[in-house]
Amino acid sequence: MHRLWKEFSKGLWKELPPFRVLLGLCPTLAVTSSAENGLGMGLAVVFVLTLSNLIVSLLRKMIPPKVRIACFILIAASLVVTVELLMQAYVYPLYQTLGIFVPLIVVNCLILGRAEAFASKNPVLPSVADALGMGLGFTLSLTFLGGIRELLGNGTVFGVPMTWDSFQPLSIMVQAPGAFLALGLILAAMNAFSNWYSRRHEETPPRALEAITSCSSLGAEPMVVLNGDDANGNGNGANGR
Amino acid sequence: MDYFLLVITAVFISNIVLVQYLGACPFMGTSKAVSVALGMGGAVIFVMTLATALTWPIQHWLLLPYRVEYLQTIVFILVIASLVQLVEMFLRKFVPPLYESLGIFLPLITTNCAVLGVAILVQRSEYSFIRGVVFSLASGAGFLLALVIIAAIRERLDTAPVPRVFKGTPVALITAGMMSLAFYAFRGMGG
Amino acid sequence: MRELVKMVLVLSIIGTVSGYGLATLKQATRPAIEEQVLTYVQGPALLGVLQGVDNNPIQDRKQLPMADGEELTVFPGFKDGNLCCLAFESFAPGYSGDIGVMVAFDVLSDQVRAVGVTTQTETPGVGTRVFVPAFCDQFREHPLTKLALKSGDGDIDAVSGATISSNAMVNAVQKAAALYPELKERAVAAWQE
């Protein structure tokens, strides 16, 4: 139980995506023009991430290490199509608003990243806990970012007016420049908070913000390892067994 | 004239990174030096164009006739992932000089949402084959442009006295926001 | 060799299972998706052109076979229990891609009742001006003849600077008007059962 809680809670602060571990920047920037859109995208990611971690973890002993990336992509893509169909059938307006970013969940590094780094090496329960924690963290972050942008850019949060009458909305905040600015400011604020928190508790501040490379380095794994020199790939796979 | 407008729109007016948010991960991850940005941008142009040239026939000759267009996401991502690997193997074997300059960036492209994004955008906009390929080429060029500009700025930022909490990614994101604001000035052009 | 067989086997098993699962899901969600697309894509335009009817045109829709073998989805409007109008979608190529227009006809007076745009990908700011009410309102209560721009042999004012889009819209309405006489017979028969 303690272990499950540990796997679950790390996604909520220590490795909070996308603020601490910069994974999945595209949807983070693109769909957070309102709190509702952020929440919708977050929940879609939770669905895909949890099921993908579950399936990958169940199949982890069967998947040959050399084609594991291909298998992960196949599983993630199937789940994304599932989400696409379900969203079209039951929440069509949200599907229209999120647009192209629904199919693009498949290249959200969070999904493949967790499959490779965690689910392929751990039993089912911790993998699901990990996915739920990361997914929930991602959802909360997106909703928070969306809420802030909606508040500044439109004067509302979840469509409810929040500001006084003379407030002039900064419409730029709900457009592309506002996405970059808001995320940059939030990251800086998080840095400031971590520094302050660590000074008080006399720890070294965690600086996970450059972890963006983990996204890129995952892509560096070939989809199917064809020749023999795959020490890296095999080593990774073998660790979990 | 028509194609000129298409290119201008894809490069400036709706720049793929700064206006459409596609490819934000590599935009932040590989923009620390201009040389790296050039390599990455070149590889993206190359793969993006090839990916559209390959996924267009698949969509129109396989997915649509058999009414399985809902499998688009799966098929496209598998095609792009295999394409990236084939291109890498081909370049390594037959065009070593090009491999030297682009090779290390190719594998990073599978998870680059700009490539899959453009392939899907071409289908959603119902472009013809030629139009789709030109659009992809121009979108790739727009990506290269944005990436090189921000890399040049970040090289200078490294030596600038940035407040400690803004160092690294936060200040890069703010810079990107300013660039995006500048690209917004192109809006309304070409109408 | 054994490893290669296993690799291919595992990949194909995963592929087959997911393909089969998705095909089942697609079948299961088909009616719901159709309903949603009708409500959110054609819905707003449809309710606009069929204002004042007593029924829910989306629920009462029917697929009617046409002369060319295609099927056309027709939305009926009832007033006091009688079929009063018919609406269906018509397409014509615009500046970039097809413009979809929902056209409603008055069954009693055989006139165009109203038109509304369903899908369009025109250049923002230029082509989109066509879709302002002032342009669409010209079609309201319009007889089936003279459905063309004033530059042709009709009486519709084009939106200046957006001739292509205006033309596309008129073409779509013309197409619908050409289908209407044939459709009216079938529709009246279909809903009077």
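Here is a friendly chat about a predicted model.

Biologist: Hi! How should I read the numbering, and what limits apply?
Modeller: Residues count from 1 along each chain as its sequence is written, while chains are lettered from A and ligands numbered from 1 in the order in which they are written. As this is a predicted model, local features need pLDDT of at least 70 and side-chain atom pairs count only at pLDDT 80 or more, but totals for chains, interfaces and linings use all residues.

Biologist: Let's start with chains A and B. How many residues does the contact take from each?
Modeller: It takes 43 residues from chain A and 43 residues from chain B. Two residues are in contact if their C-beta atoms, placed from the backbone, lie within 7 Å.

Biologist: And which helix of chain A gives the most to that side?
Modeller: H8(A), with 12 residues. Helices here are DSSP runs of H or I with at least four residues, strands are runs of E with at least two, and both are numbered from the N terminus.

Biologist: How do the residues on that side of chain A divide?
Modeller: There are 34 nonpolar, seven polar and two charged residues. Ala, Val, Leu, Ile, Met, Phe, Trp, Tyr, Cys and Pro count as nonpolar, Asp, Glu, Lys and Arg as charged, and the others, Gly among them, as polar.

Biologist: Back to H8(A). What do its buried residues pack against?
Modeller: They pack against H2 and helix H7 (124-154) of chain A, together with helix H8 (169-184) of chain B. Among the buried residues of H8(A) are Phe180(A), Leu187(A) and Asn191(A). Buried means 20 or more other C-beta atoms within 10 Å of a residue's own, exposed means 12 or fewer, and partly exposed is in between, with C-beta atoms placed from the backbone.

Biologist: New topic: what is chain B made of?
Modeller: Chain B has eight helices and zero strands.

Biologist: Why call it as compact as a globular protein of that length?
Modeller: Because its radius of gyration is 17 Å, close to the 16 Å that the globule rule gives for 191 residues. That radius is taken over C-alpha atoms, and the rule is 2.2 Å times the number of residues to the power 0.38. Of the 191 residues of chain B, 50% count as buried.

Biologist: Last one, Thr119(C). Where does it sit?
Modeller: Thr119(C) is in strand S5 (residues 111-119) of chain C. It is partly exposed, with 15 other C-beta atoms within 10 Å. Leaving aside neighbours within four places in sequence, Thr119(C) is in contact with Val41(C) and Gly100(C).
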